[in-house]
Structure formats: structure tokens, C-alpha cells
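Reader: I'd like to learn how to read a model like this one, feature by feature. Could you walk me through it?

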Amino acid sequence: MKLRRVVVTGIGTINPLGNNIEEYFSNLEKGVSGAAPITKFDATKFKTRFACEVKGYNANDHFDRKEARKYDLYTQYALVAAEQAVKDSILDLEKIDLDRAGVIWASGIGGLITFHQETKGFVEGDGTPRYSPFFIPKMIADISAGHISMKYGFRGPNYATVSACASSNHAIADAFNQIRWGKADIILTGGSEAAVSEPGVGGFGSMMAISTRNDDPARASRPFDVARDGFVIGEGAGALILEEYEHAVARGAKIYCEVAGCGMSADAYHLTAPLPDGSGASKSMLNAIDDAGITPDKIDYVNTHGTSTPVGDIAEIKAIMLAFGEHAYKMNISATKSMTGHLLGAAGAIEALASILALTQGIIPPTINNEELDPAIDSRLNLTLNAAQKRNVDYALSNTFGFGGHNATVILKKFK
């Protein structure tokens with residue numbers, strides 16, 4: 001079977017660095033931190049009292065009150081980013097075949113805020129169950145994909161991918177495959193998350209997974225730094241319109257880049273920790289490179305999973321060395337979570353967008369907050385420390401890894 005080419009024709013986002021693509025790209029280039037004290041709840045008694053929250057968001061600017069009641073915040077973010085992407089793609093919904101347009105959307109957790117609110121209401125009440133009829137539909141992790149499809153009438157493939165922090169890359173990979181295999185012409189893909197809440201911060205805090213640098217939130221996410229002490233939880237959404245190349249050309253679409261390949265693997269090792277030698281993550285990258293039909297030396301930029309955890313960062317650097325060998329010293333590598341925080345199931349989506357910045361504008365977003373490189377990391381690697389760099393990028397590779405040992409890699413290619 002001849003595989004069809006797949007391109008990106010629309011993008012959108014709402015995340016801690018901006019409520020649209022322009023703001024996001026600008027702040028990535030400037031090296032802005034999205035971390036600040038938590039405003040969504042009283043975090044006084046929590047070990048971690050800061051996060052990377054979306055700034056200046058008001059649901060009433062996007063939905064009427066009755067409509068907003070049907071959506072958990074993670075779905076609101078999904079719909080906002082999706083709308084931007086659809087507008088950016090200039091899709092004429094009356095002219096495309098809606099049976100061949102689909103939605104594959106990711107969330108690692110789903111409606112955590114809704115689950116907390118509803119169960120808290122029951123526990124603090126008199127024992128009488130007074131759950132909202134919207135409780136289950138708001139909470140489940142697939143509902144954002146459903147709402148997006150209903151809004152735009154997309155009747156093609158429609159489902160959610162859930163693989164913890166690898167969820168968005170799995171969604172992008174599935175969308176890519178559906179199109180290149182001829183099952184669809186257009187897929188709106190990406191991911192959203194809204195876990196900045198008492199159970200989200202409390203749960204990750206009890207695992208000692210998140211930073212406790214409460215006196216200096218803006219510098220808390222510090223991938224590859226010797227003093228890193230965990231990730232910073234973030235929230236938001238990223239959306240991409242993937243489209244079959246000939247279909248895009250026929251309607252005169254703007255093309256950002258091409259999806260070249262994807263790879264997946266499993267560590268099969270530990271509940272939360274990666275394989276220490278990086279072999280599982282390396283296999284995911286090599287699978288993606290093989291799928292793209294290229295050799296490792298073609299990759300110019302790696303957007304790492306780079307969460308700022310003591311174990312994870314080292315394992316990923318080892319994985320990169322395993323996958324690329326001497327070419328690792330010739331690439332740019334960076335961890336944009338140093339700025340955005342970790343958007344969990346939405347991380348891969350906004351990091352694919354960061355990779356598009358590198359491909360289309362030749363700007364490598366930096367790894368900020370690195371004051372002293374961990375001595376376990378080879379200092380000859382170009383980790384794009386503390387300031388953006390200019391570089392021509394023909395191929396960008398983006399990694400995501402999730403609890404449970406899930407690894408997913410996407411490779412994007414400059415459109416020529």
C-alpha cells in the first residue's frame with residue numbers, strides 16, 4: 001500500500017505561555033517562565049504552592065454560562081485550542097467531506113476538577129447523593145474528542161488516547177496513521193489537561209514528583225540542572241490540523257510542515273520511573289526515525305520530554321546518546337517544559353507546536369533556568385541553555401514518556 005503524505009495545516013493553543021500561537025511562540029523565544037503561585041485554590045498547606053497556570057482565562061469569553069456547565073476545564077481548553085486551529089486552517093466545513101474528517105484527542109487524566117468537586121460535594125453533604133447529571137460526561141477522558149466532533153460535524157475517526165504524559169504524541173501518531181493509510185483526509189488532533197487542583201497537586205506532591213521550590217517558582221523547572229527537584233505541573237491545550245497533502249494543496253491550504261514519522265515503545269520496567277539506561281526511550285526514537293525513512297544524522301533538533309526530574313532527565317540523555325551516537329553533539333536539544341511546566345497529557349501537543357516554531361522560523365526554544373549542568377550530563381551536548389538559538393531545522397523530533405513506561409516520539413519535517 002502506498003502511504004499518503006500528511007501535513008499540518010492549522011495550529012492553536014492555550015497554555016501557560018500564551019492564549020494563542022503568537023503569544024506562545026513569542027514567549028518561547030524570549031525564554032519566559034510560566035510558573036507562579038497557584039491561584040486556582042488555597043495551596044497554603046501544600047508542599048508545593050505554585051504551578052504553570054493558564055493566565056487571563058475567562059470561560060465566559062468563549063462559552064455562554066449554560067454551555068460552560070457541560071464542560072470540565074480540560075474540555076474548555078480543548079475547544080478553545082481546536083477553534084483556533086480550525087480558523088487557522090481556513091477549512092470550509094461546507095466543502096469538505098465530513099465523513100472523512102475526524103478527531104483524535106488526548107488527555108492523561110481527563111476531568112479531574114469535576115471529579116473532585118462532585119465527590120467533595122457528596123462527602124461534605126448529608127449523605128444524600130446529589131450528583132450533577134453532567135458529572136460522568138464532564139469527567140471522562142474521551143469527551144473532549146466528542147465535543148470537538150459535535151461542534152464541527154466531523155464524522156470520521158473519533159476517540160481519545162490515554163497514556164499518561166505520552167498521550168498527545170500517541171494522538172498525533174494515530175491521526176498521522178489514519179490519514180496516511182487512507183482512512184481519513186483531515187484529523188484534528190492534540191491534547192488538553194487541567195490538573196492544577198487539590199488532588200492533582202496533592203497527588204503528585206505525595207509522590208515527590210513535583211518541585212517544592214516555593215521561594216522561587218519561576219526558576220523551579222530546571223531540566224538538566226544539578227539542583228532540579230521535580231517537575232512543575234502545568235495546564236492547557238494544543239491543537240493541530242493534520243491533512244492529507246493532496247487534499248491540502250487542492251484547497252490552497254497553508255502548510256506549516258510535514259509529519260514524517262512516529263515511533264512507540266514500552267519500558268516494561270516500573271510504575272513511574274524510566275529504564276535507567278534509556279533503552280526504552282531510545283527504541284521509541286529509533287522506531288520514529290525508521291518510520292520516517294531517514295537516518296539519525298538527519299535530525300537537527302530534539303524537543304526532549306525533559307521534565308526536570310532527577311531520574312528522568314538523565315535517562316533521556318542516555319537514550320539520546322544511544323539513538324544518535326556522535327551525531328548527538330551536532331543537534332540542538334532543548335526542554336521547553338522549563339518554561340511551560342509539564343502539561344501531562346497535553347505536553348506532546350504543545351511541544352509539537354514548539355517544534356513547528358523551530359521548523360518554520362529557525363528558532364530553537366531554550367532550556368531556561370540552567371545554572372549548573374548536572375555533571376552526569378555530557379557538557380559537549382548543545383542543550384540550548386538559557387537563550388534561544390537560530391538554526392535551520394529540516395527535521396525535528398519530539399519525545400514524550402508516561403507513567404507506566406509508555407514512550408512516544410513524533411518527527412516533523414520542514415515542508416518544501
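This is a predicted model: local features need pLDDT of at least 70, side-chain atom pairs count only at pLDDT 80 or more; totals for chains, interfaces and linings use all residues.

Reader: How many disulfides does the structure hold?

Author: In general, a disulfide is a covalent bond between the sulfur atoms of two cysteines. Here the structure holds zero disulfides. Take Cys 165: the closest cysteine sulfur belongs to Cys 52 and is 14 Å from its own, too far for a bond. The sulfur of Cys 257 is likewise too far for a bond, with 14 Å to the closest cysteine sulfur, in Cys 262.

Reader: Is Cys 257 buried or exposed? And what about Cys 165, buried or exposed?

Author: The cut-off to remember is that buried means under 20% relative accessible area. Cys 257 has 0% relative accessibility, so it counts as buried. Cys 165, at 10%, counts as buried too.

Reader: Let's turn to the sheet. What is the order of its strands?

Author: Two strands pair if DSSP finds at least two bridges between them. In this model, an open sheet of 10 strands runs S5-S4-S6-S7-S1-S8-S14-S13-S9-S10, and the pairing is mixed. S5 and S10 (332-334) stand at the edges; each has a single partner strand, so one side of each is left without a neighbour in the sheet. On average, neighbouring strands are turned by 25° against each other, direction ignored.

Reader: In which sense do S4 and S6 pair?

Author: They pair in the parallel sense, over six bridges. As one example, Val 103 has Leu 188 in S6 as its bridge partner.

Reader: Which helices should I look at against this sheet?

Author: Start with H3, which lies across S1 (6-14), S4, S6 and S7 (235-244) and runs at about 130° to S1. H6 packs on the sheet as well, touching S4, S5 and S6, and its direction makes about 150° with that of S4.

Reader: Why is H6 described as largely enclosed?

Author: Eight of the 10 residues of H6 (residues 143-152) are buried, so the helix is largely enclosed by the rest of the structure. The buried ones are Ile 143, Ser 144, Ala 145, Gly 146, His 147, Ile 148, Ser 149 and Tyr 152. They pack against helices H3 (73-89) and H5 (135-139), and against strands S4 (101-106), S5 (158-161) and S6 (186-194).

Reader: Can we zoom in on one residue of H3? What does Val 86 touch?

Author: Val 86 lies in H3 and counts as buried, at 8% relative accessibility. Leaving aside residues up to four places away in sequence, Val 86 touches Leu 91, Tyr 152, Leu 188 and Ile 241.

Reader: Finally, how do I read a pair of packed helices, and at what angle do H1 and H13 pack?

Author: Two packed helices are described by the angle between their axes and the distance between the axes. H1 (residues 21-30) and H13 (residues 347-361) pack at about 75°, with their axes 11 Å apart. That makes H1 roughly perpendicular to H13. From H1, Ile 21, Tyr 24, Phe 25 and Leu 28 meet Ile 350, Glu 351, Leu 353, Ala 354, Leu 357 and Gln 361 in H13. The residues of this contact divide into eight nonpolar, one polar and one charged.

How values were computed:
Residues are numbered from 1 along each chain as its sequence is written. Side-chain values use heavy atoms; hydrogens and water are left out. Buried means under 20% relative accessible area, exposed over 50%, partly exposed in between (1.4 Å probe, protein chains only). Helices (H or I, at least four residues) and strands (E, at least two) are DSSP runs, numbered from the N terminus. Contact means heavy atoms within 4.5 Å. Axes are lines fitted to C-alpha atoms, for helices over the stretch in contact, and angles run from 0 to 180 degrees between N-to-C directions. Angles under 35 degrees count as roughly parallel, over 145 as roughly antiparallel, 65 to 115 as roughly perpendicular and the rest as oblique. Ala, Val, Leu, Ile, Met, Phe, Trp, Tyr, Cys and Pro count as nonpolar, Asp, Glu, Lys and Arg as charged, and the others, Gly among them, as polar. A disulfide is a pair of cysteine sulfur atoms within 2.5 Å.
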